[in-house]
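Subject: A structure to look at

Hello,

Here is the structure I promised to hand over. Have a look at it first, and then read on for what I found.

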Amino acid sequence: MKIAIVTDSTAYIPKDVRDKLNIHMIPLSVVIGGETYEEEIDLNAEQFYEELKRKDRFPTSSQPPSGKFVALFESLAKDYDAIISIHLSSGISGTYQGAITAGTMVEGVKVYAYDSEISCMAQGFYAIEAAKMAAEGKSPEEIIARLDEMKASLRAYFMVDDLSNLQRGGRLTSAQAIIGSLLKVKPLLHFVDKVIVPFEKIRTRKKAMNRIAELIGEDASKGIPLQASIIHANREEDAKEWKAELEQLYPNVDFSISYFGPVIATHLGEGAMGLTWTIK
Ligand code: MYR
């Protein structure tokens with residue numbers, strides 16, 4: 001059985017990795033100053049942060065149009081028997097629902113939409129694993145069971161410099177954002193039941209990073225091999241430094257660096273930083 005793996009742009013899997021593993025990508029878009037850009041195609045993270053400096057308006061994001069999903073699935077239907085389409089959390093975007101709807105409209109291929117309940121490289125871990133398993137000839141059920149197993153141990157914590165981006169985009173309730181900004185805290189955020197909620201209120205960025213390091217330490221000490229990714233919004237040097245520190249603390253964890261691209265950074269703002277990990 002030939003299985004195609006699709007994910008959306010918010011997994012931020014570099015193009016060379018996608019090409020190597022045969023991962024198909026459907027882009028979400030950002031609108032800046034009235035111009036629409038498909039991220040990772042018309043606009044990469046570096047260009048986005050440059051654009052932000054020039055335009056005096058706040059960007060917005062949008063999910064892929066349904067026609068784009070249908071066109072992608074129809075073209076894959078020519079070569080594959082099944083598609084596993086892995087998307088950012090259904091609690092923050094309609095993209096997953098878009099994949100389900102498109103799947104019902106395309107004939108000749110079975111579409112399994114998978115709600116990552118998260119985004120960024122955490123979602124990327126799922127897409128990469130699914131692609132490796134598809135190449136080994138595993139069935140859709142085996143792949144989905146493995147993704148569920150990874151989901152059970154997946155953790156992701158992140159912090160933002162300014163909560164107002166999340167509040168403006170409606171991805172954090174006003175009450176929580178107001179409390180956060182009033183207290184001038186750097187709340188650690190995470191996902192519960194597919195949506196973003198504060199995890200702990202911490203006053204400084206450094207303390208928040210130390211707290212995340214402590215949290216991964218609890219899992220690393222269990223002796224289960226872990227993969228982890230530091231995710232940053234235009235803070236590459238800080239990410240490299242943090243990676244070196246974390247690698248020293250937890251030599252048994254496989255750390256990488258990834259990024260918050262245009263769509264996610266529209267909601268988190270420049271300077272956001274996070275860490276995600278799951279079993280290898
Ligand atoms: C859309 O317009 O459909 C996309 C909306 C994206 C909302 C993003 C909210 C922030 C997500 C943070 C993910 C952190 C993962 C570690």
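The shell around the ligand draws at least three residues from each of two domains, domain 1 (3-28 + 63-151) and domain 2 (155-279); the bounds come from an automatic or database domain assignment. Please keep in mind that this is a predicted model, in which local features need pLDDT of at least 70, side-chain atom pairs count only at pLDDT 80 or more, and totals for chains, interfaces and linings use all residues. Residues are numbered from 1 along each chain as its sequence is written, and side-chain values use heavy atoms, with hydrogens and water left out.

Let me start with the ligand. There are 15 residues around the ligand, and Ser 61, Ser 62, Ile 92, Ser 93 and Arg 171 come nearest (a residue is near if one of its heavy atoms lies within 4 Å). The side chain of Ser 61 has an N or O atom 2.6 Å from a ligand oxygen, and a polar side-chain atom of Ser 93 is 2.7 Å from an oxygen of the ligand. On its own the ligand has 490 Å² of accessible area, and the protein covers 98% of that (Shrake-Rupley method, 1.4 Å probe).

Which element gives the most to this shell? That is α11, with four residues. Both β5 (60-62) and α11 (262-268) supply at least two residues each; helices (H or I, at least four residues) and strands (E, at least two) are DSSP runs, numbered from the N terminus. By class, the shell has nine nonpolar, five polar and one charged residues (Ala, Val, Leu, Ile, Met, Phe, Trp, Tyr, Cys and Pro count as nonpolar, Asp, Glu, Lys and Arg as charged, and the others, Gly among them, as polar).

The largest nonpolar core has 80 residues, and Ile 86, Ile 216, Phe 260, Leu 275 and Trp 277 have the most contacts inside it. Such a core is a set of buried Ala, Val, Leu, Ile, Met, Phe, Trp, Tyr and Cys residues joined through side-chain atoms within 4.5 Å; buried means under 20% relative accessible area, exposed over 50%, partly exposed in between (1.4 Å probe, protein chains only). Helix α5 (residues 120-135) provides the largest share of this core, eleven residues. Domain 1 and domain 2 both give residues to this core, so it lies between them.

Finally, a buried residue: Thr 276, in strand β13 (residues 273-279), has a relative accessible area of 0%.

Best wishes

Conventions:
Polar contact = N/O pair within 3.5 Å; in protein donor to acceptor, adjacent residues only side chain to side chain.
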